[in-house]
Amino acid sequence: MRGFKKNDKRTISQFLIDLIFLSLFALALGLIIRTHLIQTFICQQDSMLPTLYEGDYVVAVKIFDGPSAGDIIIFRDNRLGNRDVMKRVIATEGQTIEIVDGRVIVNGVERSEPEIVPFSGEYFGPITVSDGMVFLLGDNRLRSTDSRALGLIPEDELVAKVIFVAWPPERMGMVK
């Protein structure tokens, strides 16, 4: 590594000014990215088992092309203690959802849910999702407070879409 010499045009003070400027720029860029593009979240509930475990660190994008069935989204709900909650989108506006003996049916077609632990004995609906709303369920249906109890969730309460588990290392990977 080359050190500073007396005949260098750059002085230590110029170097420090550049370093401070670069640090402030990196901090500002990081804040912009975290605020508007990508953010990490900690899964704080077991309602998404076996897909997400309590304590998992996930990476989520804040800009996404509307919610789609199967997406795992994060929303902030003051009814659940004003915390970030992760659930799976089951139905979007205009779709009709019902649960018959634990099987989820959207627009008359049973939804294939290989990620879900089978359960039976539950009946819900049918209801049609209103404009600007989504119907959300946790993957761990027996331990999830979701649209069955909370009702339809406004799309403007959706914060981000989960794309990746970042921690722990043995669970690291894309979210399905």
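Analyst: Let's start with a term: two strands pair if DSSP finds at least two bridges between them. Keep in mind that this is a predicted model. Strands β3 (residues 72-77) and β11 pass that test, with three bridges in the antiparallel sense.

User: Okay, and what holds paired strands to each other in general?

Analyst: Strands of a sheet pair through backbone hydrogen bonds, and they can do so in parallel or antiparallel fashion. Here, for β3 and β11, the sense is antiparallel.

User: Which strand does β2 (residues 57-61) join, and by how many bridges?

Analyst: That's β11 again, residues 158-167, with five bridges and the two strands running antiparallel. Pick V59 to see it: its bridge partner in β11 is F164. Then look at β12 (residues 173-174), which pairs with β11 over two bridges, also in the antiparallel sense. There, V165 stands opposite G173 in β12.

User: Let's zoom out. How many helices and strands does the protein have?

Analyst: Two helices and twelve strands. Reading from the N terminus, the elements run α-β-β-β-β-β-β-β-β-β-α-β-β-β. The radius of gyration is 23 Å, well over the 16 Å that the globule rule gives for 176 residues, so the protein is more spread out than a compact globule. The C-alpha atoms fill a box of roughly 80 × 35 × 30 Å along the principal axes. As for burial, 38% of the 176 residues count as buried.

User: Now salt bridges. What's the general idea?

Analyst: Side chains of opposite charge can pair when their charged atoms come close. A search of this whole structure turns up ten salt bridges. One of them links R143 and D46, with the closest N and O atoms 3.2 Å apart.

User: Is R143 buried or exposed?

Analyst: Exposed, because R143 has 56% relative accessibility and the cut-off for exposed is over 50%. Compare D146, which forms a salt bridge with R148, closest N and O atoms 2.8 Å apart. D146 is buried, as its relative accessible area is 2%. Another pair is E113 with R111, at 3.0 Å between the closest N and O atoms. Both E113 and R111 are buried. R111 and E113 also belong to a network of salt bridges with R141.

User: Where is D139?

Analyst: D139 is in the loop between β9 (133-137) and α2 (147-150). D139 is buried, with a relative accessible area of 0%. Its side chain makes a polar contact of 2.5 Å with the side chain of T51.

User: Last one: which residues form the nonpolar patch on the surface?

Analyst: F21, L22, F25, L29, I33 and I38, with about 590 Å² of accessible area together. Helix α1 (residues 12-36) gives the largest share of the patch, five residues. One to look at is L29, which lies in helix α1.

Methods:
Residues are numbered from 1 along each chain as its sequence is written. This is a predicted model: local features need pLDDT of at least 70, side-chain atom pairs count only at pLDDT 80 or more; totals for chains, interfaces and linings use all residues. Side-chain values use heavy atoms; hydrogens and water are left out. Helices (H or I, at least four residues) and strands (E, at least two) are DSSP runs, numbered from the N terminus. Buried means under 20% relative accessible area, exposed over 50%, partly exposed in between (1.4 Å probe, protein chains only). A polar contact is a pair of N or O atoms within 3.5 Å; within protein, one must be able to donate a hydrogen and the other to accept it, and residues adjacent in sequence count only if both atoms are side-chain atoms. A salt bridge is a side-chain nitrogen of Lys or Arg within 4 Å of a carboxyl oxygen of Asp or Glu. Patches are made of residues with over 30% relative accessible area and no salt bridge: like charges are joined within 9 Å, nonpolar side chains (Val, Leu, Ile, Met, Phe, Trp, Tyr) within 5 Å. Accessible areas come from the Shrake-Rupley method with a 1.4 Å probe; for residues, only the protein chains shown count as cover. The radius of gyration is taken over C-alpha atoms; the globule rule is 2.2 Å times the number of residues to the power 0.38.
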